[in-house]
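Below is a short note for a colleague who is opening this structure for the first time. The points are numbered so that each can be checked against the model in turn.

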Amino acid sequence: MDTDGTHETRPPHSGHIPRPAAPPPPGLPPRPSHAPAAGPTLGDWLRFPRSSDGPGVWTYGHVPRAAEEPEETPTRQLVSGALISLLAGLLLWSLLWNGYLGGFWLWPLYMFTPDSWAGTLPSVVASYIWYAVVAAVLVTGFGRLGRWPELGRRVLRSRAVRPLHSADQARPEPGGPDDPARWPQLRAAGLAEAADRLEGEAGGGRMSDVDYTRIRRAWESVRVDPKRMRAFADAVRDKGAGACAHPSGARDLPVRAARHDLLARQVLLGTVEDGVRNPYSRRGTSLALDPDVLGTSLLAVGPSGTGKTRRLVRPVVETLALQALAGQAAVVAVGAAGAQLGPDAAYDVVVRVGDPASVYDLDLYGGATDPDEAATLLAEGFVGDVPGIDVRRAATALAQLLGPFRAAYGRFPAVPELRELLDQVPDAFAALRRELAQAGAAEHAMLRELDARTRQHGAHGDPGPALADRVALLDRPAFAGFFDTTGQGRPFSLRALEHPIRVRVDLPERGHADASRMLARLLLAQFNAAAAGRGDRSLFAFLAFDDASHTLTPETVRGVQRLRSAHAGVLLTLRTLDDVPEALRTPLLGAVGCRMAFSGVTTWDGKRFAEAWGTEWVEARDVTHRTVFADQPLTRLMHSFRKLVTGKAVTTDAVTVRQVERERWSASDLAHAVPPGHAVLSLTSVRGERAAPLLVRLAGTA
């Protein structure tokens, strides 16, 4: 289905399957009940062969290629050799036929035919048979000499249509015991009734790829905990394809802007260019992203207008939202208000910071209940980017306020209250002391914390003023009613990553750029802590930043590197690496496993990527031209005539082949040799498999 909600015609290898159509808006004519050639059915999609020979390979119908390019004789040389051998063969036949070489080639005929056959029909037949044998021998010999079979294969291959998949990739027979559309895993467990119900749903067109993936995921949880089998069977019997639904009740996204293969958990990103800059085994293949490579995190750099949002962030967020509906992932997308990250209906939670109409709020403390943990997260978000301020001292200063406040009121302070405490407003401190005094001796330790903050306020190196200035960015009329801690709002916390949730956070980048960057830093710090602290890591947790400028700090970069062991990852997009502190540029490129440089990057950014991608050994051919000086008069005359005709002296070429170490992609190549709509991308999987930097034509590029 296209982005405007209409069906489109797709070839059988597209990887799409029909999805239930949404009802038409009021006032519009009814939608057609079907579209011609809407693509493969669910069963065909499930049975289509999938194979992979490296990270980032679009497995749907992939045909592996040889690792090295075979040495191929140029077609022009084959044609000339074939013609020469043909002429030579015809010449030899003519000489034999006309007797210029004698009659030796007719001796076998004379030896094996009796004299009584002379002038009879058998003699004529035997003669022509012998002529055919000799002609066949000549054709075979000169054909091999001129490589006629290779030329014939070359011509036929250029005219033939490449098959969609090789014959050796076995496809399950429809209706067979291994047919995934018949749910053999359920039948093997004795749930034949449930399998028949699901098979009927798929055959009737009432099951989508999301339904199949979701129910298969539920069955995997049943295999882990067999006590759920009865509930699973009852749900399938009662609801069919709608069983084990997402908590939101949604069974698909309202619109898809990219091609997805939920069976392989992949989204198609583009096509690897068929050029010498790419390894032969990957040329012309489709490139996709999945949790296996996104789990090492991805950094993308490119100037504005290169399609980072439309061609990278949106497809990645979309595929993870589909996986969330299937119970496999939790995704949080962060971008400026108005960023094209998908419609509101594609998300369970939409937080519009600074918008009074926003249904959801943002938990400033990330769901933490421990004052020290909350203080660490706040300090990282508030002053993690301020040079000269020790984040640990800032966290201690915040903990000296958050602990007593929570002990007194049972909650953390709201933004105005936190600002008053950091500014040492007398009334705020006096009220907090009274609450603690009424609590008695149990809160004596909290009074000491408060006294320590009072003594440190205004001292040399005190982070309190810097923290107060940053909190003041949130204490604005535009944010009134946000970051509530009294329980009156509906705050979203990143502690919800243990659930298959789809979240979009819109930051007020236009009017409050500094506050937006601070909130982005806070969200990244909270995500690192929440993803690593999950008790259940079966869901793949992902955080996507449409613009990560001025978001990274030393601690968050270290946290990003630890995400791969927590079954989580982040997507960071930048217009330039200059938006990251210089001391963090090299650590950032080392912390992520996937690096992507869009067309138009500067040579300064290209240099960093070139260093990260390293060098490789290549074969260099040096050709030296040496003028030939003839000694014989006739040879000198011929050389003079050749120079007169061609205008060049007669030379000989000396070729030297050697192995040299060169950069995979130089800074100049990244800045000037990447066409518009393309990007250079390297991938690393969580298992350590690597794909060298590939020049990719991104999907949607003409």
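Is Arg-187 buried, partly exposed or exposed? The first point takes this up, with the reminder that the model is predicted.

1. Arg-187 has a relative accessible area of 24%, and it therefore counts as partly exposed. Its side chain meets that of Asp-196 in a salt bridge, with 2.8 Å from N to O, and Asp-196 is likewise partly exposed, at a relative accessible area of 40%. In general, side chains of opposite charge can pair when their charged atoms come close.

2. Another pair to look at is Arg-433 with Asp-451, a salt bridge in which the closest N and O atoms are 2.7 Å apart. Arg-433 is partly exposed at 28% relative accessibility, and Asp-451 is partly exposed with a relative accessible area of 28%.

3. Asp-547 and Arg-575 also meet through their side chains in a salt bridge, at 3.0 Å from N to O. Asp-547 sits in the loop between strand 10 (540-545) and helix 19, while Arg-575 sits in the loop between strand 11 and helix 20, so the pair ties together parts that are 28 residues apart in sequence. The relative accessibility of Asp-547 is 29%, which makes it partly exposed, and Arg-575, at 39%, is partly exposed as well. Salt bridges that share partners also join Arg-182, Arg-187, Asp-196 and Glu-199 into one network. The count of salt bridges in the model comes to 40.

4. Helix 19 covers residues 554-562, and its buried residues are Thr-556, Val-557, Gly-559 and Val-560. Seen down the axis of helix 19, these buried residues fall within an arc of 160 degrees, so they line one face of the helix. The elements against which the buried residues of helix 19 pack are helix 12 (371-383), helix 18 (513-532), strand 11 (568-574) and helix 20 (582-591).

5. The largest nonpolar core has 90 residues, and those that touch the most other members are Leu-364, Phe-382, Leu-474, Phe-483 and Phe-527. Helix 18 gives the most to this core, contributing ten residues. A second, separate core has 42 residues, among them Leu-312, Val-313, Ala-321 and Ala-544. To return to Phe-382, its contacts, leaving out residues up to four places away in sequence, include Leu-364, Leu-418, Leu-467, Val-471, Leu-474 and Met-518, together with Arg-470 and Arg-521.

6. On the surface, a nonpolar patch is formed by Tyr-100, Leu-101, Phe-104, Trp-107, Tyr-110, Met-111 and Phe-112, which together have about 950 Å² of accessible area. One of these residues, Phe-104, lies in the loop between helix 2 (75-97) and helix 3 (107-112). Phe-104 is partly exposed, its relative accessible area being 42%.

7. Two backbone angles deserve a check by eye. Most residues other than glycine have a negative phi. Trp-183, however, has a positive phi, near 55 degrees, and its place is in the loop between helix 5 (148-159) and helix 6 (184-188). Trp-183 is buried, with a relative accessible area of 1%. Gln-424 is not a glycine either, yet its phi is positive at about 60 degrees. Gln-424 lies in the loop between helix 14 (415-422) and helix 15, and it is buried because its relative accessible area of 17% is under 20%.

8. Which residues does Thr-485 contact beyond its neighbours within four places in sequence? They are Tyr-365, Arg-411, Phe-412, Pro-413 and Ala-414. Thr-485 itself is found in the loop between helix 17 (464-474) and strand 8 (491-492). Computed along the sequence is not the whole picture here, for Thr-485 and Val-415 are 70 residues apart in sequence and 9.0 Å apart in space, from C-alpha to C-alpha.

Note on methods:
Residues are numbered from 1 along each chain as its sequence is written. This is a predicted model: local features need pLDDT of at least 70, side-chain atom pairs count only at pLDDT 80 or more; totals for chains, interfaces and linings use all residues. Side-chain values use heavy atoms; hydrogens and water are left out. Buried means under 20% relative accessible area, exposed over 50%, partly exposed in between (1.4 Å probe, protein chains only). Helices (H or I, at least four residues) and strands (E, at least two) are DSSP runs, numbered from the N terminus. The arc is that of the directions from the helix axis to the C-beta atoms. Contact means heavy atoms within 4.5 Å. Patches are made of residues with over 30% relative accessible area and no salt bridge: like charges are joined within 9 Å, nonpolar side chains (Val, Leu, Ile, Met, Phe, Trp, Tyr) within 5 Å. Accessible areas come from the Shrake-Rupley method with a 1.4 Å probe; for residues, only the protein chains shown count as cover. A salt bridge is a side-chain nitrogen of Lys or Arg within 4 Å of a carboxyl oxygen of Asp or Glu. A nonpolar core is a set of buried Ala, Val, Leu, Ile, Met, Phe, Trp, Tyr and Cys residues joined through side-chain atoms within 4.5 Å.
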